[in-house]
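Welcome, and thanks for taking a look at this one with me.

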Amino acid sequence: MAIDPPFIAHVWHQVCTFSGQNDWEDGMATEERLVLAIPRARPVVSARRVNRSMLGRLKLFEQADIESIEGLMADCAVRELGAGQVLVAAGERAHAMYLVLTGRLRVKASTGDDMVIETGGHFGELALLEQKPVAGTVVADTLTQVIALDDARIWALVRASHAFASNLL
């Protein structure tokens with residue numbers, strides 16, 4: 001597995017600044033920080049592109065006119081994660097909102113409560129739009145396919161579809 005230099009620098013910083021206390025300066029528990037230090041593969045981006053039938057299975061697009069949003073979604077890549085693979089870690093800056101095409105993800109919150117997101121679900125919109133760190137570590141329970149939407153695409157979808165905007169709320 002190849003690990004990119006910025007990730008190695010991040011891990012090294014975390015190791016060097018470890019205080020030995022139960023919590024870090026930003027209030028995150030030690031266990032959450034250690035998740036950030038675990039090398040993880042990047043999700044595989046498949047050659048598959050989003051199509052009309054995929055969009056129709058997502059709760060976020062219920063009652064939406066798929067034709068009006070299909071063009072906005074056409075260049076989105078489908079990412080595939082293996083079971084146990086970390087998609088995002090608690091404390092990371094949110095870069096995308098994720099739509100679950102197939103599979104199941106588990107959000108491991110700092111409170112110890114897990115939340116499951118299954119096929120058709122979505123997550124990450126609040127952290128992305130409010131520009132806050134991700135609240136929990138998200139791990140694939142099973143082989144999972146997701147689509148990542150950045151904030152510009154989310155706002156374009158809101159402008160194009162009232163149903164999408166309502167479902168996002």
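Let's begin in the loop between helix 5 (125-129) and strand 8 (136-140), where glutamine 131 lies. This is a predicted model, and in it glutamine 131 has a positive phi of about 55° although it is not a glycine. Is glutamine 131 buried or exposed? Its relative accessibility is 66%, so glutamine 131 counts as exposed, the cut-off for that class being over 50%.

Glutamine 63 is another non-glycine residue with a positive phi, here about 70°. You will find glutamine 63 in the loop that runs between helix 3 (52-56) and helix 4 (66-73). Glutamine 63 counts as exposed because its relative accessibility is 77%.

Here are the two side by side:

| Residue | Phi | Relative accessibility |
|---|---|---|
| Glutamine 63 | about 70° | 77% |
| Glutamine 131 | about 55° | 66% |

The largest nonpolar core holds 39 residues, and Phe61, Met73, Leu87, Leu99, Leu105 and Ile147 have the most contacts inside it. Strand 4 (residues 97-102) gives the most to this core, contributing 5 residues. As background, nonpolar side chains in soluble globular proteins tend to be buried together.

Stepping back to the whole protein, there are 7 helices and 9 strands. Of its 169 residues, 41% are buried. Among contacts with a separation of 6 or more, 74% are between residues 24 or more positions apart.

Terms used:
Residues are numbered from 1 along each chain as its sequence is written. This is a predicted model: local features need pLDDT of at least 70, side-chain atom pairs count only at pLDDT 80 or more; totals for chains, interfaces and linings use all residues. Side-chain values use heavy atoms; hydrogens and water are left out. A nonpolar core is a set of buried Ala, Val, Leu, Ile, Met, Phe, Trp, Tyr and Cys residues joined through side-chain atoms within 4.5 Å. Buried means under 20% relative accessible area, exposed over 50%, partly exposed in between (1.4 Å probe, protein chains only). Helices (H or I, at least four residues) and strands (E, at least two) are DSSP runs, numbered from the N terminus. Contact means heavy atoms within 4.5 Å.
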